[in-house]
Amino acid sequence: MRCPQCNQRNSIAAKACEFCKEKFQSRPISNTAKIIAGVGVLVLVAGIAWSLIYPKIADPEIALSSHAKRVAQGPSSPDDAYSLNKKLNSDIQKFLQNFGTLESPQLLTKLRTLLPSNAFEAHIVDLPRALKIVEIDTVLQATTYLVMPPSIKDGQPKIFVLKDIEVFDDGRIIKDAAGPILVLIGHTSGQPPHKPQIKTYALLPDDIVDETTKLVPPINGYGTAKFAKNNRDLNLELSLVSMGQKESLFASVSPYDEALAFQQLQWKGDKYLSKINYLSSPIYALYNLAKSTKYPNAPDPSLGKVAAKFINDNKNNFGKLEIARIKAKPASYEYLVKETNSNNKYKFVVAKNGKNWLVTTIDLTKENKIADATQKQSQSPVSQPKSIVKPEITASNSAKDKPKLDNKEEEKPIETNSIKVVPMKASKACIHSKISSDKIMLRNAPYVGAKANDQIAKGVPVNIIGKANGWYKVNCNGKEGYVYAGLVDFDKPEAYTTAVVTKNKSTSRVGDRVVVIGGIHNHKYKVQLANGKIIYLDKDALDVAVEMPPELVP
């Protein structure tokens with residue numbers, strides 16, 4: 001800078017001339033410079049704020065953990081539930097894109113660390129070709145994800161939401177001429193009865209294509225599904241009553257009948273073909289008559305003369321049947337039946353003829369309504385069918401596991417909300433003190449996802465008054481509800497056998513408490529998780545108080 005008085009050159013930062021001591025006047029700052037400086041300050045502040053907020057948004061672990069805690073608090077409205085679930089799905093997919101290549105035990109541990117245990121359950125199943133099924137159960141709904149390993153093009157795994165598999169059960173890959181086909185078995189979530197869900201997907205290098213409508217015949221009814229021994233065909237056990245309701249043959253059946261139909265899906269060529277086998281039973285005789293009357297073009301010749309005449313008199317104008325059983329003898333059953341189209345009321349007698357059951361009598365009655373007996377029996381919704389072909393020994397169907405009353409008479413289950421609850425003499429127990437959560441949910445039905453009526457702190461005493469589905473019905477401080485049996489310290493003879501997981505597995509982690517429903521075979525126990533899923537765990541991965549006799553493990 002030159003001095004205006006002596007014209008000598010000075011330092012640019014000098015405030016006065018070094019030679020003549022003349023003070024320099026400061027230059028005014030322009031408005032443009034002030035604006036630029038203000039913008040710079042704002043940018044700096046925004047950058048600092050973003051550096052603090054960004055990790056919480058960008059880090060998939062932090063984002064998932066934060067939102068999961070919000071989900072655990074529950075939605076405030078249906079719209080809030082939709083928004084919470086949408087963001088949760090997005091956060092889970094981002095998390096799996098970043099960590100889906102981890103080994104399943106590591107991935108499961110990480111998920112269970114991030115998701116609050118009082119509102120979430122996570123399970124992982126490994127499939128061939130490095131595929132993974134990740135199942136997340138929440139207070140909102142159960143969602144199943146398929147994790148496909150990274151392709152050569154990108155380094156992240158592909159994540160797919162399997163919308164029509166609510167609760168995953170099993171999966172296989174079938175080698176087809178057109179390429180590999182992924183076959184998945186699941187069932188509907190929530191309270192039983194459950195409808196089997198079968199999905200098939202064509203596996204592409206970095207995508208999947210849903211081929212279910214082309215490859216899988218319709219499944220009518222509630223029940224169970226599993227793979228056949230060849231790991232390709234499917235065997236389904238379906239409630240015959242539920243099939244009659246789905247096919248618009250039955251309006252109601254009271255009391256509920258446990259008759260089963262067996263549907264086989266056989267892989268032939270490039271798709272599944274269906275074959276249904278029926279076991280003769282009183283309810284099958286009515287089902288067969290109703291179906292042949294509604295579709296008379298090909299009536300079953302084994303129906304007998306009485307049924308054949310009824311079919312001929314009522315064909316093409318036949319509605320649903322309201323069925324009420326009023327008498328039951330070893331070789332015959334008597335029903336009152338109302339046909340909904342004509343409102344005609346009949347008395348049907350179904351009798352055993354050799355190995356088969358036939359309708360032997362059909363009388364039109366002038367009664368204005370079905371007998372009073374039906375009013376005393378609830379029009380029971382379809383309940384989960386019981387297997388009658390080589391049944392597995394479970395906590396619900398094993399005679400040795402059923403408790404006895406003090407008078408030595410066997411207890412009779414009573415149906416509550418279509419789940420059979422075995423009543424028990426009130427016995428004292430308490431919630432386990434050695435569990436990770438401080439409190440557990442007291443639910444209004446024996447399954448995960450049922451509405452929570454209250455919470456019970458660990459170590460708190462409760463009264464056991466019944467059991468169902470691997471859960472205890474309890475009374476605590478005047479409130480009744482259900483708690484998972486694995487979380488209850490109860491050592492009476494009629495108690496469920498429970499165990500503690502001692503080694504991390506893909507479907508369980510150290511410290512999980514499970515209900516043991518099958519004895520040791522091939523060094524494995526058959527156990528039930530809190531979500532109702534049946535799995536098999538190695539003997540050395542469980543701490544079981546009582547060794548159970550060996551049972552067949554399929």
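I took buried to mean under 20% relative accessible area, exposed over 50%, and partly exposed in between, with a 1.4 Å probe and protein chains only. With that scale I looked up glutamate 480, which is partly exposed at 43% relative accessibility.

**Ground rules**

This is a predicted model, so I kept in mind that local features need pLDDT of at least 70 and side-chain atom pairs count only at pLDDT 80 or more, while totals for chains, interfaces and linings use all residues. Residues are numbered from 1 along each chain as its sequence is written, and side-chain values use heavy atoms, with hydrogens and water left out.

**Confidence**

I checked pLDDT, the predictor's confidence in each residue on a scale from 0 to 100. The protein chain averages 79, and 80% of the residues score at least 70. Where pLDDT is low, the predicted coordinates should not be read in detail.

**Salt bridges**

I counted a salt bridge when a side-chain nitrogen of Lys or Arg is within 4 Å of a carboxyl oxygen of Asp or Glu. The search of the whole structure finds 11. I went through several of them:

- Aspartate 170 pairs with arginine 172, with the closest N and O atoms 2.7 Å apart. Aspartate 170 is partly exposed at 28%, and arginine 172 is partly exposed at 24%.
- Lysine 309 meets aspartate 313 at 3.0 Å, N to O. The two are four residues apart in helix 8 (residues 305-314), and therefore about one helical turn separates them. Lysine 309 is exposed, at 55%.
- Lysine 473 bridges to glutamate 480, with 3.9 Å between the closest N and O atoms.
- Asp164, Lys199 and Asp210 are linked in a network of salt bridges.

**Helix 4**

Which residues of helix 4 (residues 104-114) are buried? I found Ser104, Leu107, Leu108, Leu111, Arg112 and Leu114. They sit on the same side of helix 4, because they cover an arc of only 160° around the axis, the arc being that of the directions from the helix axis to the C-beta atoms. These buried residues pack against helix 2 (60-72), helix 3 (78-99), strand 1 (121-126) and strand 2 (132-137).

**Strand 28**

Next I turned to strand 28 (residues 524-528), where glutamine 528 lies. Glutamine 528 is buried at 10%, and valine 527, found in strand 28 too, is buried at 0%. Valine 527 and isoleucine 517 are 10 residues apart in sequence, yet their C-alpha atoms are 5.4 Å apart. Leaving out residues up to four places away in sequence, I noted the contacts of valine 527, including Val516, Ile535, Leu537 and Leu542.

**A surface patch**

Last, I looked at Ile35, Val39 and Val43, which form a nonpolar patch on the surface with about 280 Å² of accessible area together. Patch residues have over 30% relative accessible area and no salt bridge; like charges are joined within 9 Å and nonpolar side chains (Val, Leu, Ile, Met, Phe, Trp, Tyr) within 5 Å. Areas come from the Shrake-Rupley method with a 1.4 Å probe, and for residues only the protein chains shown count as cover. Valine 43 lies in helix 1 (residues 31-58) and is exposed, at 54%.

Notes
Contact = heavy atoms within 4.5 Å.
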